[in-house]
Amino acid sequence: MQLDFDVNGKKHSLDIDPQTPLLWVIRDELRLTGTKFGCGIAQCGACTVMIDGQPTRSCVTPAAAVQGVKIETIEAIDSPEARAVKAAWVAIDVPQCGYCQSGQIISAIALLSENRAPTDDDIDGAMAGNICRCATYVRIRQAIKDAAAMLKE
Amino acid sequence: MAFRHRSTTHPNQVGPGRASAVPGATHHRSAIGLAVSLALVAFAFSHPAMSDQLKAPEDFAGSGDQVARSIDVFREIGRVLQHPRCVNCHPRGDSPLQGDDMRKHEPPVRRGEANIGVVGMRCTTCHQAKNIDHANLPGHPKWHLAPVEMAWEGKSLGEICRQISDPARNGGLSMDALLKHMAEDDLVGWGWKPDAGRMPVPGSQEQFGKLFAYWIKTGAHCPG
């Protein structure tokens with residue numbers, strides 16, 4: 001079935017099974033491999049992408065469900081919040097192995113896009129579905145606070 | 001095995017290349033399986049309490065006076081209302097429940113002010129407009145929690161009955177509107193058509209609606 005995708009501002013038309021998870025459209029068809037496969041069942045957050053400004057688990061999102069929407073991945077997401085988060089992540093070297101980090105960053109951007117002064121509780125709520133096996137949670141929390149501070153300046 | 005949307009054969013699956021090594025064994029197993037299935041079906045029909053069907057209004061004809069009949073009808077309604085498919089999204093706390101054992105939801109999500117999750121982690125971060133069977137992920141376009149004043153978790157059937165009859169605690173619904181919600185709301189109806197592997201509530205939404213209408217007709221009396 002011919003489906004259309006708007007990914008990172010570029011239009012793609014693909015002949016694909018409509019039930020294919022978006023993750024495999026992004027990784028296998030469009031070769032954007034920054035978005036990771038973790039669990040495949042929306043339990044870890046590694047596959048998170050932004051769909052119309054909302055963080056979404058691409059591993060459980062059917063290709064047919066994202067017609068006519070704007071998809072952003074870690075490769076190209078850009079906004080004041082995205083730039084602040086990326087700078088904060090680099091400044092304190094958040095990643096350890098890095099596998100979960102694209103999902104963590106997308107969720108952090110989503111949080112700051114709606115709440116530029118998040119409390120610890122707000123951060124816990126927004127990041128609850130993003131698991132990090134290296135347990136970089138303390139640095140993730142610090143980087144989100146640093147990004148929030150940058151956005152105030 | 002992690003899911004990929006590709007055609008696969010499970011390693012334990014009996015396929016053309018994995019036929020039984022014992023001649024005739026497959027037929028014997030089929031015959032035994034058929035006999036067991038027929039016995040289970042017969043047992044289910046002879047034991048209504050074990051059935052996944054709901055009683056119909058006419059089944060309550062011999063239930064004493066109208067008050068007693070109304071209460072008996074609500075006890076049958078309670079088989080739906082107190083089912084995990086319903087209670088899991090009517091939690092008393094800040095987090096939904098999940099599964100037939102009604103354990104705390106994983107990931108540890110929160111209801112948020114609008115009962116749709118919190119910033120960065122809304123219900124729709126994971127839940128789709130339809131069930132996603134490969135991930136055992138239930139879905140519906142309106143997926144959300146019932147407000148905390150409509151919590152059913154941990155309450156007796158009588159408490160739930162008085163709660164749903166009270167416009168101050170049922171979202172301001174009249175009995176007619178409550179009936180329409182129970183009998184026609186599509187998110188309520190998800191309970192009868194959950195994702196693969198999740199037990200549906202008994203009966204059908206149509207049967208449930210008829211039962212609920214009959215409960216109202218008999219005075220909408222609640223168990224103690």
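Helix axes here are lines fitted to C-alpha atoms over the stretch in contact, with angles running from 0 to 180 degrees between N-to-C directions. Helices (H or I, at least four residues) and strands (E, at least two) are DSSP runs numbered from the N terminus. You're looking at a predicted model, in which local features need pLDDT of at least 70, side-chain atom pairs count only at pLDDT 80 or more, and totals for chains, interfaces and linings use all residues. Residues are numbered from 1 along each chain as its sequence is written, and chains are lettered from A and ligands numbered from 1 in the order in which they are written.

Select helix 2 and helix 3 of chain A: they pack at about 130°, axes 9 Å apart. That makes helix 2 of chain A oblique to helix 3 of chain A (under 35 degrees is roughly parallel, over 145 roughly antiparallel, 65 to 115 roughly perpendicular, the rest oblique). Show side chains for Glu81(A), Ala82(A), Ala84(A), Val85(A) and Trp89(A) on helix 2, then Ile105(A), Ala108(A), Ile109(A), Leu112(A) and Ser113(A) on helix 3; these make the contact (C-beta atoms, placed from the backbone, within 7 Å).

**Stop two: helices 2 and 5**

On helix 5, pick Ala143(A), Asp146(A), Ala147(A), Met150(A) and Leu151(A), which meet helix 2 residues including Pro80(A) and Ala88(A).

**Stop three: the core**

Now colour Val85(A), Ile106(A), Ala108(A), Ile109(A), Leu112(A), Ile144(A) and Ala147(A): of the 51 residues in the largest nonpolar core, these touch the most other members. Such a core is a set of buried Ala, Val, Leu, Ile, Met, Phe, Trp, Tyr and Cys residues joined through C-beta atoms within 7 Å. Helix 3 of chain A gives the most to this core, with seven residues.

**Stop four: Ala64(A)**

Jump to the loop between strand 4 (54–57) and strand 5 (70–72) of chain A to find Ala64(A). Is Ala64(A) buried or partly exposed? Partly exposed, because Ala64(A) has 15 C-beta neighbours inside 10 Å (20 or more other C-beta atoms within 10 Å is buried, 12 or fewer exposed, in between partly exposed; C-beta atoms are placed from the backbone). Leaving aside neighbours within four places in sequence, Ala64(A) is in contact with Leu3(A), Pro18(A) and Gln19(A).

**Last stop: chain B**

Finally, bring up both chains: their contact takes 28 residues from chain A and 23 from chain B.
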